[in-house]
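Here are my notes for your first look at this protein. Keep the sequence and the 3D view open as you read.

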Amino acid sequence: MQNPTETPLPPGVKRVRSKGSTYYYHRATKARLKAEFGTPEFDAEIRSLDLLTPQKTAPNSLGALIDLYLASPEFTSELAPRTRVEYQTILGLVAGIRPMPLSVINGGFLLKLRDKIFKKHRRRRANYVLQVLSLVFSWGLGRDHVVTNPALGVPHLKLPKNHVSLNRPWKVDEFYKVLGRAQTATRIAVAFGGYAGVSEGDVLLLGPKNLITEQRELVIATADGEKTVTQVVRILSFIRKKTGVKVHQELHPELVTVLKVECVGDRYKRHLVARRDGDGYTEDGFRANLRKVIQALIKEGEVDKGLTFHGLRHFVGTTLATNGADNKTIMAILGQKTAKMAELYSEEFDRKTRGNVGSGLLRKALNRGGTEGQEN
């Protein structure tokens with residue numbers, strides 16, 4: 001049998017002798033190899049560590065442009081933390097083409113890339129890759145790193161005609177049916193979504209510290225004159241994860257009732273949406289629970305397709321706009337940083353209102369009255 005110390009080493013591996021024993025290390029990561037030398041497991045461990053090794057990025061390559069963008073203030077300072085994570089995840093999908101020279105990347109290549117990602121990750125991810133790459137190229141264009149943005153001419157994949165829109169606003173009866181069917185943590189989360197417009201990312205981070213009790217002095221009229229009474233109210237106060245905007249709103253009475261019924265016991269000391277062991281849910285774990293409830297109700301014909309937790313924010317925004325809330329009020333409830341989304345809710349309500357008024361005016365203008373103009 002050949003002595004291991006005399007056997008040639010695989011590339012990137014270092015052999016060390018210490019106190020009569022031989023150890024092997026992965027040079028790039030400086031990690032000690034645990035598998036036995038010369039075995040298939042040893043080779044597999046080397047390959048795994050090779051994947052973790054930072055690769056040198058050639059100048060004027062796509063990878064070099066991406067790295068410059070990720071180090072820019074536009075990425076590090078102007079984007080919300082959650083958006084930065086999303087962009088990095090999306091750019092991870094194109095890691096295989098990082099070495100490509102920028103000069104050979106054109107619209108035709110990106111079109112093929114879009115279709116390849118679509119087969120593996122479906123439409124939304126394929127379009128998201130185009131969107132982020134276009135942003136990176138546009139950033140580089142303004143700094144003379146590239147001479148064109150090849151992603152601009154690549155069409156995004158359209159929704160199929162029979163597609164059921166996700167994230168649509170919930171209907172009022174859908175909200176109450178899901179709220180009635182959901183249990184414990186899922187019910188608490190849905191209540192926060194429908195009664196307060198809290199997003200999925202934020203609701204999973206809420207804890208008792210975000211609930212504040214306030215006392216207010218109210219003057220009310222009685223048969224004997226005015227009387228001052230003390231009213232106890234519950235306040236929800238937190239900083240939105242995505243926008244960094246502070247949300248401060250009085251809890252809906254029915255949401256207070258849900259919390260009184262559900263948030264009982266030590267499991268809710270850290271998280272309001274808590275697992276049995278008191279730990280918080282991951283977004284994937286929570287979505288799986290909510291999906292089970294929604295799918296059961298769809299099967300029973302109680303709710304329509306297209307319900308997602310994010311659709312509850314649209315439900316709240318639409319409800320506020322329909323009942324006369326202005327844009328600043330909608331922004332305050334939903335913790336929005338700009339008025340763009342709030343304006344969409346208001347504009348939709350305004351279009352419906354004006355459309356109804358316009359229809360009435362049209363009917364009145366074209367009504368010739370009586371039987372005039374009618375054929376005998």
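1. Threonine 184 is found in helix α7, which covers residues 184-196. Helices here are DSSP runs of H or I with at least four residues, strands are runs of E with at least two, and both are numbered from the N terminus. Phi of threonine 184 is near 40°, a positive value in a residue other than glycine. Most residues other than glycine have a negative phi. Threonine 184 is partly exposed, with a relative accessible area of 34%. The cut-offs are these: buried is under 20% relative accessible area, exposed is over 50%, and partly exposed is in between, with a 1.4 Å probe and protein chains only.

2. **What you are looking at.** This is a predicted model, where local features need pLDDT of at least 70, side-chain atom pairs count only at pLDDT 80 or more, and totals for chains, interfaces and linings use all residues. Residues are numbered from 1 along each chain as its sequence is written, and side-chain values use heavy atoms, with hydrogens and water left out.

3. **Overall form.** The protein has 13 helices and six strands. Its radius of gyration is 29 Å, well over the 21 Å that the globule rule gives for 376 residues, so the protein is more spread out than a compact globule. That radius is taken over C-alpha atoms, and the rule is 2.2 Å times the number of residues to the power 0.38. Along the principal axes, the C-alpha atoms fill a box of roughly 105 × 65 × 45 Å.

4. **Burial and contacts.** How much of the protein is buried? Buried residues make up 35% of the 376 residues. Now take contacts (heavy atoms within 4.5 Å). Among those between residues at least 6 apart in sequence, 56% join residues at least 24 apart.

5. **Surface and charge.** The protein exposes about 23700 Å², and carbon and sulfur atoms supply 53% of it. Such areas come from the Shrake-Rupley method with a 1.4 Å probe; for residues, only the protein chains shown count as cover. There are 59 positive and 38 negative side chains. Lys and Arg count as positive, Asp and Glu as negative; His and the chain ends are not counted. The centres of the two sets lie 6 Å apart. Each charge is placed at NZ of Lys, CZ of Arg, CG of Asp or CD of Glu.

6. **A three-stranded sheet.** Follow the order β1-β2-β3: this is an open sheet with antiparallel pairing. β1 and β3 stand at the edges, each with a single partner strand, so one side of each is left without a neighbour in the sheet. Strands pair if DSSP finds at least two bridges between them. Six bridges join β1 (residues 13-18) to β2 (residues 21-26). Lysine 14 has tyrosine 25 in β2 as its bridge partner. Two bridges join β2 to β3 (residues 31-32). There, histidine 26 is partnered by alanine 31 in β3.

7. Which residue takes a positive phi in the hairpin of β1 and β2? Lysine 19 does, near 55°, in a hairpin with two residues between the strands. Lysine 19 counts as exposed, at 87% relative accessibility. The hairpin of β2 and β3 has four residues between its strands. In that turn, lysine 30 has a positive phi of about 60°.

8. **A second hairpin.** β5 (residues 225-239) and β6 pair in the antiparallel sense over five bridges. Leucine 236 stands opposite glutamine 249 in β6. Six residues lie between the strands, and glycine 244 in the turn has a positive phi of about 75°. Side chains alternate along β6 (residues 246-250).

9. Is arginine 114 buried or exposed? Arginine 114 is buried, with a relative accessible area of 10%. Arginine 114 lies in helix α5 (residues 107-141). Not counting residues up to four places away in sequence, arginine 114 touches Ala126, Leu130, Pro155, His156 and Leu157. Arginine 351 is found in helix α13 (residues 340-366). At 54% relative accessibility, arginine 351 counts as exposed. The C-alpha atoms of arginine 351 and alanine 151 are separated by 34 Å, and these residues are 200 apart along the chain.
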